[in-house]
Amino acid sequence: MKIAVGISGASGAIYGIRLLEALKRQGVETHLVISAWGEYTIREETEWPLERVKALASHCHDPADMAAPISSGSYPLDAMVVCPCSMKTLAGIASGYSEDLIMRAADVCLKERRALILCTRETPLSRIHIENMLRATDAGAIIMPPMPAFYTKPASVDEIVEQSVNRLLDRLGLPADGLKRWKTEQERQPPR
Ligand SMILES: Cc1cc2nc3c(=O)[nH]c(=O)nc-3n(C[C@H](O)[C@H](O)[C@H](O)COP(=O)(O)O)c2cc1C
C-alpha cells in the first residue's frame, strides 16, 4: 500500500507524526510532504527533530517539487491524508489551486477518485472554512478533524492522539488494534 501524508502548518503536528509511526510499523510505503509552516509547527509543538520525522517516511518530498511522483495521477497511490490540515491548505484543495505539492497530490487524489482524508484543525470556523470543507466533501474528500473521544476516558494527551490516529488507520482500512470502539449494548452500563 502507498499512502501520501501531508503535514501542513495547522496546530497538531503530533497527529501527523504518530500517523507516520503507525504506517511505518505496518510496512506501508509513505510519501511525506511537510509545508514550510508544517516544519515550524513540528519545531514549535513537539520535541521531534525534523530529520527524525522525515526519516519515518519511505520517501520525503520537497513541497515545491511538482515533479515528485505523487504529483501525477499515473503514480499508483492508494490514499492521502493531510494531517493536520490548515485552513489555507484546505482552501487550496477545495478550489483546485495546487500551490504546493500537498495541494497538488490532494487534487490528484480527488481527480483520480482516490481516498483523501483531511484532518482539518481550526476553531472557531468562519463561513469560508465551512464552505471549503463542504466543497472538499462534495468533491470526494473525507473531512476528519481529530476530535478527542471522551468515552474512552483518556488519561493523557498521548492517549487522545493515539485514539484519533487509530480512527484514521481504521478509515484507511488498515489494522487499528489499539482502537477503543464504542461498546455494544450488552457491554454498556445502564444509565444511572
Ligand atoms: C503555531 C502555529 C499554529 C497554527 N495553527 C493553525 C491552525 O490550527 N489552523 C490553521 O488553519 N492555521 C494555523 N496556523 C496558521 C498557518 O500556519 C498559516 O495559515 C500557514 O500559511 C499555513 O500554510 P500551509 O497550509 O502551507 O502549511 C498556525 C500557525 C502557527 C505558527
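# Exercises on a sheet and its ligand

The model has an open sheet of six strands in the order β3-β2-β1-β4-β5-β6, with parallel pairing. β3 (59-61) and β6 (142-143) stand at the edges with a single partner strand each, so one side of each has no neighbour in the sheet. The structure is a predicted model.

## Exercise 1. Pairing in the sheet

Solution. 

Step 1. Leu 32 stands opposite Cys 60 in β3.

Step 2. Go on to β1 and β2, which pair in the parallel sense over six bridges. Here Ala 4 stands opposite His 31 in β2.

Step 3. Strand β1 (residues 2-7) also pairs with β4, in the parallel sense and over four bridges. Val 5 has Val 81 as its bridge partner in β4.

Step 4. Then take β4 and strand β5 (residues 115-120), a parallel pair with five bridges. Val 82 stands opposite Leu 118 in β5.

## Exercise 2. Cover on two strands

How many residues of strand β4 (residues 79-85) are buried, and which of them point one way and which the other? Compare the count with the one for β2.

Solution. 

Step 1. Count the buried residues of β4: seven of seven, so the strand is mostly covered by the cut-off of under 20% relative accessible area.

Step 2. Sort them by direction. Ala 79, Val 81, Cys 83 and Cys 85 point one way from β4, while Met 80, Val 82 and Pro 84 point the other way. Residues on both sides are buried.

Step 3. Turn to β2. Five of its six residues are buried, and this strand too is described as mostly covered.

## Exercise 3. The surroundings of His 31

Is His 31 buried or exposed, and which side chains make polar contacts with His 31?

Solution. 

Step 1. Read its accessibility. The relative accessible area of His 31 is 1%. Buried means under 20%, so His 31 is buried.

Step 2. Look for polar contacts. The side chains of His 31 and His 61 are joined by one of 2.9 Å. Another, of 3.1 Å, joins the side chains of His 31 and Tyr 75.

Step 3. List other residues that His 31 touches beyond four places away in sequence. Among them are Ile 3, Ala 4, Val 5, Pro 69, Ile 70 and Leu 77.

## Exercise 4. The ligand

How many residues surround the ligand, and which parts of Ser 35, Met 87 and Glu 122 lie by the atoms of the ligand?

Solution. 

Step 1. Count the shell: 14 residues surround the ligand, and the closest are Gly 9, Ser 35, Ser 86, Thr 89 and Arg 121.

Step 2. Divide the shell by class. There are four nonpolar, seven polar and three charged residues.

Step 3. Find the helices that take part. α2 (36-45) and α4 (87-95) each supply at least two residues of the shell.

Step 4. Take the atoms one residue at a time. Ser 35 has a polar side-chain atom 2.6 Å from an oxygen atom of the ligand. For Met 87, a backbone N or O atom lies 2.8 Å from an oxygen atom of the ligand. For Glu 122, a polar side-chain atom lies 3.4 Å from a nitrogen atom of the ligand.

Step 5. Finish with the cover: on its own the ligand has 640 Å² of accessible area, and the protein covers 73% of it.

How values were computed. Residues numbered from 1 in each chain as written. Predicted model: local features only at pLDDT ≥ 70, side-chain atom pairs only at ≥ 80, totals over all residues. Heavy atoms only, no water. Near = heavy atom within 4 Å. Polar contact = N/O pair within 3.5 Å; in protein donor to acceptor, adjacent residues only side chain to side chain. Areas by Shrake-Rupley, 256 points an atom, 1.4 Å probe, with all protein chains shown as cover. Nonpolar A, V, L, I, M, F, W, Y, C, P; charged D, E, K, R; others polar. Buried < 20%, exposed > 50% of the residue type's maximum accessible area, 1.4 Å probe, protein only. Contact = heavy atoms within 4.5 Å. Pairing = 2+ DSSP bridges.
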